[in-house]
Amino acid sequence: MATVTAMDLLRIVEAIPPRRARASEGVRLVYDQVHLTMSAEERPDEALARAEAVGYRTAAWELTMYAVSTIAVRAWLLEMEATTRVDVSPFWGGPGPVLVVFTAGGASMQFPVIACPSTPSV
């Protein structure tokens with residue numbers, strides 16, 4: 001789980017290029033225990049945006065989610081105070097994650113995951 005502020009996560013989500021500017025449907029989220037970084041699926045080494053993790057830190061993970069899912073996340077984040085902490089968590093099933101869940105203030109949103117380039121470190 002990566003915990004970031006709503007303002008930082010909104011900055012990440014807003015950095016996603018429009019569909020016509022992307023070569024794929026996916027965006028990558030990488031959590032390295034210090035930052036949550038988003039990149040385009042086809043350019044994983046080119047960070048679009050990065051947020052520093054706050055609070056409790058878990059094992060590192062990475063996943064690819066559908067970019068269209070972030071539209072709903074953006075609308076949800078716009079309703080929050082900028083300093084609200086948001087947990088971003090992959091839920092694993094079998095060899096990789098099946099969902100990514102965004103949680104804040106008792107509410108959550110969940111989305112399917114396209115792929116998982118690596119399993120989490122334990």
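Start by selecting Leu-9, Leu-29, Leu-36, Leu-77, Val-86, Val-100 and Phe-102: of the 32 residues in the largest nonpolar core, these touch the most other members. A nonpolar core here is a set of buried Ala, Val, Leu, Ile, Met, Phe, Trp, Tyr and Cys residues joined through side-chain atoms within 4.5 Å; buried means under 20% relative accessible area, with a 1.4 Å probe and protein chains only. Now colour helix H1 (residues 6-14), which supplies the largest share of this core, 5 residues. Helices (H or I, at least four residues) and strands (E, at least two) are DSSP runs, numbered from the N terminus.

Before going on, note that this is a predicted model: local features need pLDDT of at least 70, side-chain atom pairs count only at pLDDT 80 or more, and totals for chains, interfaces and linings use all residues. Residues are numbered from 1 along each chain as its sequence is written, and side-chain values use heavy atoms, leaving out hydrogens and water.

Next, zoom in on Val-100. Skipping neighbours within four places in sequence, its contacts (heavy atoms within 4.5 Å) include Leu-29, Leu-63, Met-65, Val-88 and Phe-111.

Then pick strand E3 (residues 35-40): 5 of its 6 residues are buried, so E3 is largely enclosed by the rest of the structure. On one side, 5 bridges join E3 to strand E2 (residues 26-31), running antiparallel; two strands pair if DSSP finds at least two bridges between them. Look for Arg-28 opposite Ser-39. In the 3-residue turn of this hairpin, Gln-33 has a positive phi of about 80 degrees.

Note on methods: Buried < 20%, exposed > 50% of the residue type's maximum accessible area, 1.4 Å probe, protein only.
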